[in-house]
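Hello,

Here is the structure you asked to look over. My notes follow below it.

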Amino acid sequence: MNKLAEWQLTLPLALAFAAIFLAPLLMLVGVSFFDDDKITQPGVAQWAKFLGDPFSYKVIADTLLLGVKTVCATILVGYPLALVYLDSPQRLQKVLIFIIVMPLLLSVVVRTFAWIVVLGREGVVNQVLLSLGIISEPLRLLQTELGLVISLTQIEMPLMLLPLISVMSRLDPNLRDASAALGASRWRTLFTVIVPLSMPGLVAGCLLVFASATTAFISQTVIGGVRLIYLPLLIWQQSLVVFNWPFAAVVSITLLVSVLTVVSALSYLGRRSGGYVHG
Amino acid sequence: MQSTPTGRTLDVEDLTVRYGQALAVDGVTLAIEPGEVVALLGPSGCGKTTLLRVIAGFVRQAAGRVRVDGAPIDHLPANQRNIGIVFQNYALFPHMTVAENVAYGLRARGVRGPEVLARVSRFLDTVQLGGFRERLPRQLSGGQQQRVALARALAVEPSILLLDEPFAALDRNLRLDMQIEVKRLQRALGLTTILVTHDQDEAMSVADRIAVMNKGRVEQFDTPVAIYDQPQTLFVNGFIGTTNLLNGKVAALDGGTATVALDAGAMLRLPSPAGLSSGAPVMLSVRPEQLALSQVPGPESWRIERGLSLPLGAQLVHEARTADGASLKIVEPRRASPADAARIYCTLAADARPTLFPRPT
């Protein structure tokens, strides 16, 4: 097949992307440069309003921090789980992978409301802790960042585990034995051999979890409530409650740029560590 | 080399390993002398690699003991056994340079500073890779990677060296070079070494003694020459070298000598193994180079039907078929073989040392 024909094959997808992704994005940028909510007066007033308000920076920081906290929690829970998965016999692996993928099979709304049942004042967590006498008053978990991070950690877990497991299961099992035979303890083997070599999977997982957690509008609003304000909630308020579309566009672009910045930094790190996997 | 550690003895006693219901290693006992190279030779699935992994501490045995210099090591985890191992795929750490790979075991043992650098340099020079310190494993050829793996295993001065099919991934010419190299290093260090291989030529050329394994058991543990010339079991006989099997019956027993009537039609007087009785069915195993062709019939010759004759280097390989349908291979030096087709009688060569096995019926 010649070059031209190959290029033509990408045309349908390219056109679809241009129509449903690129065009709206350009419109979004365009809309952000209007001063009034009727979109008649071009200007930079909305940008000035957003960037001049200290509250905006707090929301940006909170949103990115939410992503960082969720990423940390998924690593802390997910990495040991990935190690357990790799050490399991094949039959158990099938069960584990089903449990791992489960959150992806459920509707976002169902998982989110399930977490309300679990985390609520009368929820499972509080009931258990109260009956065990560990706490005397119900913990406040709903509408707190802690509760939100806990639920996001469960919801985003497959996005961390799937790339991690796929990279780790390609590692040569002899490497662990070689390390042990050379006198290294399990911890030394973990931190000097397994973690560095699983870096590409870890970075891919962080990337997906971060992008997904910072933009998880439903979880953020339903579990976090309206008192915890993140960029997606701000966009929703401005576009569908206040109907100030230019301002909503400004916030949207801010969310896009800030998440993309973190994601590109991560994937740069990932590329630097990526070469060793097939080495 | 500065240090010349004297070799340790390695004793494997009645070792049994189970994988589920299956016996991977079935009551193996081996006493290995200091500084000796022992090859574990056998087909895949015979338990040789499992045995090696038990010695290294990667697999737990169901029963039996492993001793180094008389002291049991079974309770020690792999990282406290001080046993060096070179894997078939080398298992170099792909994210570390050559020098870091060699330094890995030293650092894990708490060696620090200039001592590490000195030892790394010394062992990289030993395997002639002094100029490759900063390369990554993927930038090296297969032979070079193996040298690094060897240097890495030797740098921690292990008490025992284990080699798991270390030459299998190398091409033919390089393999011979590396075999010589490994043998040279092993001699210089006086290291007791166990080599796992399925390649009999490799076992023959590298090892002082060979343990031929089959179905988790050691069939014979002896020097290469003894294993080739006096195979103790039919399995060893068939696994090592090429052999011809001829069916027959014991016609008479006289002390240590049995008169065997071959089904092919000849009477042979042979040294008899213990436990044969008169009239017992037997199998005669004889190497191709221990058979000769002749023009004249005789009581100790049998008639054959000649097939193809193939020149193989300095030798000529004749195919033949006996009257009872057994196929034979006969090897002669090429110069000594007149190409006449009239030589239709086969007999044992003058120095032949065939082996008799009782034949299961």
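Which residues of the largest nonpolar core touch the most other members? They are B:V102, B:A151 and B:L162, in a core of 81 residues. A nonpolar core here is a set of buried Ala, Val, Leu, Ile, Met, Phe, Trp, Tyr and Cys residues joined through C-beta atoms within 7 Å. Buried means 20 or more other C-beta atoms within 10 Å of a residue's own; exposed means 12 or fewer, and partly exposed lies in between, with C-beta atoms placed from the backbone. The largest share of this core is the 7 residues from α4(B). A second, separate core has 46 residues, including A:M160, A:V167, A:L202 and A:W245. In soluble globular proteins, nonpolar side chains tend to be buried together.

Before you go further, some ground rules. This is a predicted model: local features need pLDDT of at least 70 and side-chain atom pairs count only at pLDDT 80 or more, while totals for chains, interfaces and linings use all residues. Residues are numbered from 1 along each chain as its sequence is written, and chains are lettered from A and ligands numbered from 1 in the order in which they are written.

Back to B:V102. Leaving aside neighbours within four places in sequence, B:V102 is in contact with B:V120, B:F123, B:L124, B:V148, B:A151, B:R152 and B:A155. Contact means C-beta atoms, placed from the backbone, within 7 Å.

Now chain A. It has 13 helices and 0 strands. Helices (H or I, at least four residues) and strands (E, at least two) are DSSP runs, numbered from the N terminus. The C-alpha trace of chain A spans about 70 × 70 × 30 Å along its principal axes. Of its 279 residues, 31% count as buried. Among contacts in chain A with a separation of 6 or more, 74% join residues 24 or more positions apart.

The two chains meet. Chain B gives 22 residues to the contact and chain A gives 17. On the chain B side, β6 (83–86) and α2 (98–108) are the elements that give two or more residues. That side has 14 nonpolar, 5 polar and 3 charged residues. Nonpolar covers Ala, Val, Leu, Ile, Met, Phe, Trp, Tyr, Cys and Pro; charged covers Asp, Glu, Lys and Arg; the others, Gly among them, are polar.

B:E157 is not a glycine, yet has a positive phi of about 50°. B:E157 lies in the loop between α4 (142–155) and β7 (160–164) of chain B. It counts as partly exposed, because it has 17 C-beta neighbours inside 10 Å. B:E165 also has a positive phi, near 45°. This residue sits in the loop between β7 and α5 (172–189) of chain B. B:E165 is buried, because 20 other C-beta atoms lie within 10 Å.

Best wishes

Terms used. Two residues are in contact if their C-beta atoms, placed from the backbone, lie within 7 Å.
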